[in-house]
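Thanks for making time this morning.

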Amino acid sequence: MSHPKKIVILGHFGVGKTSLIRQFVDSQFSEDYLVTVGVHVKKKSVTIDNNEITLVIWDIEGNTSIDKARKSYLLGSHGFIYVFDLTRPETYANLKDQLHYLKEEYANVPVVVLGNKADQFGTTVSKEYFSTKEFEDCLFTSALTGENVDNAFVKLTKKIIE
Amino acid sequence: MLQQEEEKLQLLRDLLLVDDREVASAVNEKLEEIASTIETQAKLSEKINPIIEARLKEFVTQIPASLGPVITQTLKTQIQFSKDEVVEALYPILGKMIKRYIANEIAKLSESINQKVNNTFSMASFKRKMKSKFSGVKESEIMLSELDAPKINEVFAIQKGSGILLGNYSLSSKVDKDMVSGMLTAIKSFVEDAFEGGAQNLESIEYELYSIHIQNFHTYYIAVVISGSYTRAFESDLENSLFKVSEKLSSKINTLSRSEVDSILESLFKSWQSN
């Protein structure tokens, strides 16, 4: 059995990082917003090509920029998930810089970018707006409905074991 | 003629008054029934009890919302302004609880001492006597220290930074060990970052009856959960044992499988159990 893989979830405050993990690990969603203080560690296994891979997911507190996050929490990561909120432009305004920072500081660590709150498409958010090149690699997820949540973690795990 | 008129008049009276009389009679009957209900307790209860019960139920369900804040506020105010009275009231209760707890602990201690004294001719007793003779420490003190001897409960080998569990041995399986090692690493990272101690490492965590000894190596660390009285002498012995374990682990920590690390830690654990 291989050692578990450490995944760290990054992004601004209130983008739904904890909710995505809860949906992925416990298949639950709660409307209550609880600020993550410090870090929460969760675990779940995924099966890819008949191999069971254990993911240890670090849910760290939100930060407007990754360089403000505690560096020691990111040490030894096998993969990152960067989450932004489709309904709040300030959470993806610096997306390009953030991804560049990850590429510079953690060159070999794969990243998956998620635009969360996709259940708001057609109401408060226009899907067309996110069809530009800047968002072409993004997965649009909804922690509320569970849309694409499992896919996001599987996508990252595949990148990790490649 | 007069009789005829009288008959007509009677007919007219009958026509005009018959309904009134029926109504009056019905009202009278109802009045008597109500009077009887009010005057008879059983009958009155039968009518009123369901209404009162429904109201009471409604009242009970509303207590937390309607009276809760008022009661809490009243209690807070009362406690704030009558601290001495509250202490006076609680003192005997707490005193009794503490007294009972101490009595119980002393009884347990006395039982353990008796058991040890009764085994005067055992090997352990002989070892204790020898230890006392050579160390100069009284046998009774050695006996007391044995009663709360430190005990290893769990051992974790954890990769530095990532917090990935490399191996573990534990007597319990209550909490997921991968999550424990992640959280332990997060706490360690936080402390090491927060106090800006340079390249210093967190070496122990204490919580009530347990201590976590942390032995840091280059790419990993070993965390040992200990219960009982964690003495300096024990810490020193433990450190020596962990250095020996690291000789087996360090050179091949990245190639060993989890079960291989588990078995190395198990042997450490068992050697400590047998001591």
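How many helices and strands are there in chain B? Chain B has 9 helices and 5 strands, where helices (H or I, at least four residues) and strands (E, at least two) are DSSP runs numbered from the N terminus. Please keep in mind that this is a predicted model, in which local features need pLDDT of at least 70 and side-chain atom pairs count only at pLDDT 80 or more, while totals for chains, interfaces and linings use all residues. Residues are numbered from 1 along each chain as its sequence is written, and chains are lettered from A and ligands numbered from 1 in the order in which they are written.

Along the sequence, chain B reads α-α-α-α-α-α-β-β-α-β-β-β-α-α. Of its 275 residues, 16% count as buried, that is, with 20 or more other C-beta atoms within 10 Å of their own, the C-beta atoms being placed from the backbone.

B:Glu154 lies opposite B:Ser170 in S2(B), and among the 5 residues between the strands, B:Gly161 takes a positive phi near 80°. Strand S2 (residues 165–170) of chain B has 5 of its 6 residues buried, so it is largely enclosed by the rest of the structure.

Finally, the contact between chains takes 17 residues from chain B and 17 residues from chain A, two residues being in contact if their C-beta atoms, placed from the backbone, lie within 7 Å. On the side of chain B, helix H7 (residues 177–194) gives the most, with 9 residues.

Conventions: Buried ≥ 20, exposed ≤ 12 C-beta atoms within 10 Å, placed from the backbone. Pairing = 2+ DSSP bridges.
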